[in-house]
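Please open the model in a viewer and keep the selection tool at hand.

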Amino acid sequence: MSLQLQPNLAEPGQRYFRDFTPGDDFYEALIETHRDLSDEQSQLLNAKLILLLANQVGDIAVLKQALAAARDNM
Amino acid sequence: MATYTYPTFPYQPPADLMQGAPQRRPLVIIGAGPVGLAAAIDARLQGLDVLLFDEDDSVSFGSRAVCYAKRALEILDRLGVGDPVVDKGVSWNVGRTFMKEEEVYRFNLVPDAGHKRPGMINLQQYHLEEALVKRATELGADLRWKYKVVAVTPLADGARVSLETPDGAFDIEADWVVVADGARSNVRRQLGLDIEGHVFKDRFLIADVVMKADYPAERWFWFDPPFHPNQSVLLHKQSDNVWRIDFQLGWDADPEEEKKPENILPRVRAMLGDDRELELEWASIYTFQCRRMTNFRHGHLLFAGDAAHQVSPFGARGANSGLQDTDDLMWKLALVIKGLAPQALLDTYDADRVYAADENIRNSTRSTDFITPKSAVSKLFRNAALELARTQPFARKLVNSGRLSVPSFLVHSALNTPDADRFAGDMVPGAPLDDAPVGVSGDDRWLLDQLGHRFVLLAFADSASQVDAALPTLAAQAAALAGAPIQVDTVLVTAHAGASLPGVATLHDRDGLVAQRLDARPGTCYLIRPDQHVAARWRAFDASAVQAALHRATAQAPQAVAERLAA
């Protein structure tokens, strides 16, 4: 299985009339989750989030592709 | 200003309005910006007398709003000023977003062919207003220049408007007042009405520069370009070789210093990278906020445009949503003034345009947060999205340098009749109807130009000669629908060109796009509102269903009435 690189965000049961809305909805929720946190707390939250989502993805081969894509160009 | 000469509109002394003051009028409009003028034109097209007051006697100073979206152009077409605006303006559909010097994202506002108008045109606001004033005047709107509204006093059955003119002060009363006096609305302030939201801690320099430049007619947005490091820049082409350039300056910038030409021109030269001739026509420092009034209806006062709601400029949702406000309001107000619909119809203006304002505020706020992140972690994710966008398609969708103005789908409107039949596609009740090419008596035309101003029943058949098979009783009922107190015009849409139906306008769906976009087949009917939004739709024609939908779309449905009585 290959890492999903096409837009893939949507909330089940929601109807979207504009293609940018689901991505923007998630992005806003993500930033909002960090509200009132210090920079250090935000770092910790991000790390926890990575671990949570990695477990959700499950497939380590896919996760390794994600790791490589994130590291690319650095 | 080299490229434009400001007109001076004639001052008419108020003697005629002072006689036996306070006189009473059905409709007064306050403010001659794009929204007030559009309301005046629409009112005249609906057969209403209009008195409009503006404290000045010219058009907008500076290019200001600039970007007019497809839906606004469709509204301007309906008002009869579409062509002069589009002919003078610069059309565009493509927006490109750059990070440093590399393009990371591109959007196309109208990817499909078969629409009359482009996604956006750029036009200096003074050109738009001049066209609107001309149209309002030729339609007989009574425009009073240099009439300053100093107070509005709500009455049980209207409002009293107190005015000052060069020839003295007087009062006038109106059954209904449309308040379109802009972001700093004196009327809103004088009445102590709330407007809630938040201010963004940033400043932008906006400059109109006259220059010869080869940039295409596209919106270009830069994050952190080499010529303006760590800040954003936005470029738009306007008419007459006037370019609008926005430079982000940050909260700590000194507005007075930054507005000086000697500080602006070097920024522009850095962007161009050469010494070509430049002329600075107009500059302003912009701070912005996203906020709205709690309610847009206050008794007999109806607030529209920036007086009711404001957004940050990214996405061009300010003037565009104001024009959509009047599109929603004026047909409703006309029915109420004519005694054909209850005042509750105006509460749906409030509910539906508040919904739209919230959508515009949400999108403008998100764009502003991406362009000017408010925290370190927000900036971190912004930069991560920009980095990934260089190579990953999903990240490009997250890059938000502006979600350009599109009309809301009013899916929660009380005026909608919910679908009982199954339909694919986006033309749901509450949707702004999609345009499509049609044939009218052999000529190439556009669907939306055939609609508007009144309710229309769009009915589909293979051809006019097969109408009875697809839509039994339609031909017989059309005259009754058209002659009713709230007129419904029947318009037949046929897959095949050919004969037309006597007494019923017939459109040939010449590219099949009407049927495709509306998911229509023979027998399908759509009830379209005077503002070209979908009120109801069915797979068969049923006169009593159409009546029920019409009642609902004019706030007269028995259920709605019962709910109001119970409240």
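**Chain B as a whole**

Among contacts in chain B between residues at least 6 apart in sequence, 72% join residues at least 24 apart; two residues are in contact if their C-beta atoms, placed from the backbone, lie within 7 Å. This is a predicted model, in which local features need pLDDT of at least 70 and side-chain atom pairs count only at pLDDT 80 or more, while totals for chains, interfaces and linings use all residues. Residues are numbered from 1 along each chain as its sequence is written, and chains are lettered from A and ligands numbered from 1 in the order in which they are written.

Chain B holds 17 helices and 28 strands; helices (H or I, at least four residues) and strands (E, at least two) are DSSP runs, numbered from the N terminus. The radius of gyration of chain B, taken over C-alpha atoms, is 25 Å, close to the 24 Å that the globule rule gives for 567 residues, so chain B is as compact as a globular protein of that length. That rule is 2.2 Å times the number of residues to the power 0.38. Of the 567 residues, 50% count as buried, a term that requires 20 or more other C-beta atoms within 10 Å of the residue's own, whereas 12 or fewer make a residue exposed and values in between make it partly exposed.

Across the boundary, 14 residues of domain 1 are in contact with 13 residues of domain 2. Which helix gives the most to the side of domain 1 that touches domain 2? Helix 9 of chain B does, with 4 residues.

Next, select B:Val177, B:Val179, B:Leu302, B:Ala304, B:Ala459 and B:Leu527, the residues with the most contacts inside the largest nonpolar core, which has 130 residues. Such a core is a set of buried Ala, Val, Leu, Ile, Met, Phe, Trp, Tyr and Cys residues joined through C-beta atoms within 7 Å. Helix 9 (residues 319–337) of chain B contributes the largest share of this core, 9 residues. Domain 1 and domain 2 of chain B both give residues to this core, so it lies between them. A second, separate core of 29 residues includes B:Ile206, B:Val209, B:Trp222 and B:Met271.

**Strand 15 and its partners**

Move to strand 15 (residues 232–237) of chain B, where 5 of the 6 residues are buried. Strand 15 pairs in the antiparallel sense with strand 14 (residues 219–223) of chain B over 4 bridges; pairing requires at least two DSSP bridges between two strands. B:Trp220 has B:Leu235 as its bridge partner. Strand 16 (residues 242–248) of chain B also runs antiparallel to strand 15, joined by 5 bridges, and here B:Lys237 is partnered by B:Trp243. In the hairpin of strands 15 and 16, with 4 residues between the strands, select B:Asp240, which takes a positive phi near 60 degrees.

**Last stop: B:Glu258**

Finally, centre on B:Glu258 in helix 7 (residues 255–258) of chain B. B:Glu258 is partly exposed, with 18 other C-beta atoms within 10 Å. Leaving aside neighbours within four places in sequence, the contacts of B:Glu258 are B:Leu205, B:Leu249, B:Ala253, B:Asn263 and B:Ile285.

Conventions:
Domains from an automatic or database assignment.
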